[in-house]
Amino acid sequence: MKNNKLLGLCPICDREMIAGSSIDRHHFYPKCKGGCITEWVHKICHRKIHSIWTESELAKEYNNAYIVRQHEEVSKFIKWVSTKEPE
């Protein structure tokens, strides 16, 4: 890994995040619902979140990483993605 900035662990999958095209900013409380705080997550994790819930569902119930990780479908996803490279 040369000159790649490590950004810590993804709050969804717990894999290392490396600055670049494999990460995104995610509003755990959706921007369209008034959220302004973002966190870095892997793009694949970001896509998974938005494939499961609507913006309204995210705002009402799934608005933090801990709650998202507890969902059965996300738990299965985490198990699968944990075997993949972080980039």
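I take buried to mean under 20% relative accessible area, exposed to mean over 50%, and partly exposed to mean in between, with a 1.4 Å probe and protein chains only. By that scale I find Asp14 partly exposed, because its relative accessible area is 44%.

**Ground rules.** I am reading a predicted model, in which local features need pLDDT of at least 70, side-chain atom pairs count only at pLDDT 80 or more, and totals for chains, interfaces and linings use all residues. I number residues from 1 along each chain as its sequence is written, and side-chain values use heavy atoms, with hydrogens and water left out. For helices (H or I, at least four residues) and strands (E, at least two) I use DSSP runs, numbered from the N terminus.

I looked up how β1 and β2 are arranged, counting two strands as paired if DSSP finds at least two bridges between them. Strand β1 (residues 6-9) and strand β2 (residues 16-18) run antiparallel and are joined by two bridges, and Leu6 stands opposite Ile18 in β2. The two strands form a hairpin with six residues between them, and in the turn Asp14 has a positive phi of about 65°.

**Entry on salt bridges.** I counted a salt bridge wherever a side-chain nitrogen of Lys or Arg lies within 4 Å of a carboxyl oxygen of Asp or Glu, and by this rule I noted three. Since Arg69 lies in helix α3 and Asp14 in the loop between β1 and β2, the pair ties together parts that are 55 residues apart in sequence. Arg69 is partly exposed, with a relative accessible area of 24%.

I then turned to Lys48 and Glu73, whose side chains meet in a salt bridge at 3.1 Å, N to O. Lys48 lies in helix α1 and Glu73 in helix α4, so this pair ties together parts that are 25 residues apart in sequence. Glu73 is partly exposed, at a relative accessible area of 35%. Glu72 and Lys76 also form a salt bridge, with their closest N and O atoms 3.4 Å apart; both lie in helix α4, four residues apart, or about one turn of the helix, and both are exposed.

Which residues of α4 are buried? I found Val74, Phe77, Ile78 and Val81 to be buried in this helix. The buried residues of α4 pack against α1 and α3, where contact means heavy atoms within 4.5 Å.

**Entry on the core.** For a nonpolar core I take a set of buried Ala, Val, Leu, Ile, Met, Phe, Trp, Tyr and Cys residues joined through side-chain atoms within 4.5 Å. The largest one has 19 residues, of which Cys10, Ile12, Phe28, Ile49, Trp53, Val68 and Val74 touch the most other members. Two or more residues come from each of α1 (43-52), α3 (65-70) and α4, and α4 gives the most, with four residues. Leaving aside neighbours within four places in sequence, I found Cys10 in contact with Arg15, Met17, Val41, His42 and Cys45.

**Entry on aromatic pairs.** I paired rings of Phe, Tyr and Trp (its six-membered ring) if their centres lie within 6.5 Å, with planes under 30 degrees apart counting as stacked, over 60 as edge-to-face and the rest as tilted. Searching the whole structure, I found two aromatic pairs. The rings of Trp53 and Tyr62 are stacked, because their centres are 4.1 Å apart and their planes at 20°, and both residues are buried. Phe77 and Trp80 make a tilted pair, at 6.0 Å centre to centre and 40° between the planes. These two residues are three apart in helix α4 (residues 72-81), and are therefore separated by about one helical turn. Phe77 counts as buried at 8% relative accessibility, whereas Trp80 is partly exposed, with a relative accessible area of 45%.

**Entry on His46.** I placed His46 in helix α1, and it counts as buried because its relative accessibility is 15%. Setting aside neighbours within four places in sequence, His46 is in contact with Asp24, Arg25, His26 and Val41.
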